[in-house]
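Hi there,

Here is the structure I promised to pass on. Have a look at it first, and my notes follow below.

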Amino acid sequence: MSSELYQQLLATTTGLLLLTAVLQVWGRSTVRAIGLLVIQGTALAGLVLTVGVQAGEAAAPLVAGLLFVVKALVMPWVMLRSARLIGVTRERSARLRPAVELIGAAGLTLLAYAVSGPILGDTTDPATRAVPVGVSLVLLGFWQLLIRGSAITQLVGFLMLDNGIAAISSLTSGGLPLVVELGATLDVLLVVLILGALVVRMQAEEGHIDISELRELHD
Amino acid sequence: MTALEVPTHLVDAGLIAQLLLGALAVLVAVAAPARLRSVLTGSVVVLAGIAAAVTGSAALVGAVGVGLQIPVVLPLAAPLEPLVLAPDRLGGLFMALAGVVVALAALFGIGYAHGPAASRTGWTAFSVFAVGMQLVPAATDAITFLLAWELMAGGSTALLLADHASREPVRRSTVWYSVMTHLSFLFLLAGFGVLAAASGGTSWASISGAALTGTPATTAFVLLVAGFATKAGLVPVHVWLPRAHPEAPSHMSAAMSAAMVKMGVYGLLLLTLRLLPTGPRWWSIVLIALGTVSALYGILQASVQADLKQLLAYSTTENLGLITTAIGVGLLLRDSGQPAVADVALVAALLLAVSHAAFKSVLFLGAGSVLQATGERDLDLLGGLAARMPWTSGAFGVGALGAAALPVTGGFVAEWVLLQALIHVGAQADRLLAIVIPITMGIVALTIGLGLLTFVKAYGIGFLARPRTPAAAQAHEAGPAMRSALVLGAVLVVGLGLAPGPLTQALAGAVSAGGVATFGVTGLSLEAVGVVLHPVALTLLAVAVLVPLVAVNAVLARRHPRRDVTLAWGCGGERTSPRMEYNATSYSEPLVRVFRGSLQASHVVDVVHHDQSPLLVEQMTYTQETGDVIEHRLYQPATRLAARIGDLARTVQNGSIHRYVGFSFAALVLVLVVVAL
């Protein structure tokens with residue numbers, strides 16, 4: 001792979017990651033959020049493939065394939081199925097005004113770039129220079145967890161956070177070994193499967209899936 | 001040292017047999033139909049116990065294998081030394097002890113286990129507990145030790161919970177037990193951590209090879225003693241013991257009280273004799289203080305308990321206290337240039353451990369048999385069982401003799417040896433010895449006296465006289481499996497008492513003590529202090545004295561046959577009714593009066609007057625309650641403090657998930673900013 005192509009691919013995939021993350025914060029439709037997650041999963045798989053091939057990892061296509069299947073196909077499908085089952089397609093309540101949400105997201109992206117510089121130091125490696133995207137993903141995922149009430153969008157935020165971590169680790173270490181990626185991905189898959197079932201159950205028991213109203217267990 | 005080689009040594013084969021039998025027991029417990037589960041699983045566990053007894057005995061007399069390396073799937077041992085099971089002589093003793101107790105308890109459990117204790121979970125837990133406990137003394141390094149230790153702790157906790165659905169106290173005592181068990185584990189983990197860090201290895205060989213002194217040694221000593229004392233049920237960390245033992249199924253109580261707490265003793269011996277043998281003098285004083293306080297406090301509480309199993313549990317604290325005292329005295333004397341007497345004290349500690357294992361198994365199993373027959377543990381509600389349950393009461397009687405340290409039992413031999421060691425200390429030159437030894441001797445003597453009183457009460461009130469309740473009156477003898485376990489245990493108690501010589505000699509080898517030999521075939525000679533005990537000869541002598549007395553009595557009885565006498569002014573009334581008998585509370589009342597302060601005794605006399613006249617009394621109720629002063633003064637303030645801190649923490653955690661996420665988020669941002677600055 002030529003250096004130019006590599007940089008192009010890197011820029012495309014990380015750009016897609018950042019774009020989908022910001023778009024997540026904007027908008028209330030659950031189906032759209034899940035759709036964005038599919039794009040994000042695909043971009044992440046592409047990023048891992050790019051970095052892995054560049055670093056000469058033999059298992060890179062395998063890892064990328066695994067990520068694509070789990071993050072862009074299986075998880076969104078499970079979440080979409082849960083959402084369809086309970087008939088919730090829009091976020092019901094707003095915790096903050098949309099403008100505040102977007103300003104917060106912008107501020108966090110800036111923060112990610114601001115703190116990543118000193119941490120990474122001077123570097124010319126294009127992959128390392130893209131690390132702030134991963135940090136933004138983590139912070140935006142957290143932001144999503146904070147500002148959203150519905151269990152499904154919470155899950156979306158959690159997955160975004162996980163995507164961010166995966167992106168950082170892939171960018172800094174030049175591709176992760178298959179066993180580590182396998183462990184981390186399957187963990188998250190388990191969480192999604194369990195929560196997918198739990199959401200359906202919540203709707204059946206409580207009539208809503210707003211986690212901020214779940215106060216029964218607070219003692 | 002590979003796991004796959006065919007073992008050619010008895011010890012290795014025995015270890016493999018124990019592991020396989022343990023796995024088989026779990027398999028059978030899960031797969032066998034409910035009808036056969038107790039018989040099949042119980043039998044396999046009995047076999048595992050016997051395997052441990054054989055392996056341990058072989059190791060005790062000096063057999064060594066090449067060691068059994070634990071194949072670890074996870075890279076657990078990668079940075080450390082290999083995990084190897086290979087019991088030394090001391091470990092062999094404790095493995096054999098655990099094995100015999102497990103075999104007896106499992107045999108008893110075949111007939112006794114019912115309900116939740118006989119469930120899949122119940123028997124699985126018992127099997128895991130048994131094998132874990134048997135392997136604790138086989139460990140040759142800290143990791144293996146802690147692994148086996150946790151198997152033992154986990155299995156016992158699960159089985160303790162057996163009856164949780166039907167009885168509330170079970171839940172509470174399990175909470176206490178798990179907290180204290182975890183505390184013990186944490187202390188051990190920290191202690192071994194200190195040792196490993198200071199010596200650069202986790203195996204016993206590398207720790208003892210480093211000959212640690214100074215701060216690391218002292219820190220490790222304090223932490224490990226705290227951990228082992230918690231498991232051994234010593235004061236002030238005994239609080240789990242009088243709760244857990246009564247609530248566990250009785251075969252489990254027996255295994256816990258007779259064998260599991262001994263692992264604490266094994267730990268103390270391992271620590272002071274092998275890992276850190278050159279500690280300063282105050283270490284032994286700490287052990288003596290722990291031991292004497294536990295012994296006295298334990299027997300004092302035991303003597304006023306009316307609950308049979310609680311009485312036995314407190315008596316365990318007493319016995320473990322005596323063992324710890326003996327270890328402390330042994331170490332102190334080794335340090336004071338009196339190795340010969342020190343050896344006798346250490347042998348006494350092991351003898352006390354062995355004899356306590358034997359008689360406490362019998363006592364707890366007997367209590368289980370009583371519980372099954374009557375549904376009662378309260379001595380005030382029992383009585384008259386000797387006629388209705390002859391096997392049980394016979395065995396319990398032998399066990400009580402052992403616990404009271406009366407002759408022809410192992411208990412007598414053990415306490416005799418301890419007293420011999422204390423008496424023969426040459427304390428003239430050493431001021432510390434001149435103070436410590438007489439005080440210790442006084443406390444040991446008082447403990448032995450109170451022990452006698454306690455077990456006269458346990459047997460006399462529970463088994464003799466007339467039944468105090470219909471439940472006691474309708475008691476029936478236990479089934480064959482339970483009976484045989486009881487009889488075997490009683491035979492062991494008497495066997496240890498009649499032929500202590502060979503065992504004592506083997507025990508002396510375990511702590512590399514000289515000056516102990518057999519006298520004749522069965523007798524015991526403490527050459528170090530120049531005394532001899534020959535129980536068989538003593539017994540023959542006693543019989544020779546008794547036979548003429550009995551004969552004369554019999555002749556007299558025939559000459560003057562007994563006449564039925566009616567009460568002169570009894571108006572046809574009976575001489576005694578069960579309500580007029582002494583019961584457990586009234587028997588110990590004088591003692592409660594003397595030790596009112598430390599027993600926190602309070603009593604209420606409730607008088608109900610007749611409707612017609614205040615001068616006529618219709619009913620009187622006397623209620624006496626005793627408390628655990630250490631629990632009130634030490635644990636309750638601590639738990640109250642923890643609760644208050646918890647309340648404060650509740651203002652931070654209000655149940656809102658968003659708030660928690662917010663905390664993590666704020667922390668993350670803060671860390672990022674701090675790192676970046």
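Chain A has an accessible surface of about 10200 Å², and carbon and sulfur atoms hold 66% of it; areas come from the Shrake-Rupley method with a 1.4 Å probe, and for residues only the protein chains shown count as cover. For chain B the accessible surface is about 28300 Å², with 68% belonging to carbon and sulfur atoms.

Before going on, a word on what you are looking at: this is a predicted model, in which local features need pLDDT of at least 70 and side-chain atom pairs count only at pLDDT 80 or more, while totals for chains, interfaces and linings use all residues. Residues are numbered from 1 along each chain as its sequence is written, chains are lettered from A and ligands numbered from 1 in the order in which they are written, and side-chain values use heavy atoms, leaving out hydrogens and water.

**Chain A**

Chain A is built from eight helices and has zero strands (helices are DSSP runs of H or I with at least four residues, strands are runs of E with at least two, and both are numbered from the N terminus). The C-alpha atoms of chain A fill a box of roughly 55 × 35 × 30 Å along the principal axes.

Of the 219 residues in chain A, 48% are buried (under 20% relative accessible area, with exposed meaning over 50% and partly exposed in between, using a 1.4 Å probe and protein chains only). If you take contacts in chain A between residues at least 6 apart in sequence, 77% of them join residues at least 24 apart, a contact being heavy atoms within 4.5 Å.

**Chain B**

Chain B contains 26 helices and seven strands. Its radius of gyration is 27 Å, close to the 26 Å from the globule rule for 677 residues, so chain B is as compact as a globular protein of that length. Buried residues account for 53% of the 677 in chain B, and the C-alpha trace spans about 100 × 70 × 60 Å along its principal axes.

Thr518(B) has Leu524(B) in E4(B) as its bridge partner. The E3(B)–E4(B) hairpin has three residues between the strands, and Gly520(B) there takes a positive phi near 70°.

On its other pairing, E4(B) runs antiparallel to strand E5 (residues 531-533) of chain B, joined by three bridges. Here Leu526(B) is partnered by Val531(B) in E5(B).

From strand E4 (residues 523-526) of chain B, Gly523(B) and Ser525(B) point one way and Leu524(B) and Leu526(B) the other, and all are buried.

**Backbone points to check**

Most residues other than glycine have a negative phi, and most peptide bonds are trans. The Val235(B) to Pro236(B) bond is cis, with omega near 5°. Ala405(B) has a positive phi near 60°; Ala405(B) sits in the loop between helix H15 (390-403) and helix H16 (410-423) of chain B, and is buried at 12% relative accessible area.

Best wishes

Conventions:
Pairing = 2+ DSSP bridges. Rg over C-alpha atoms; globule rule 2.2 N^0.38 Å.
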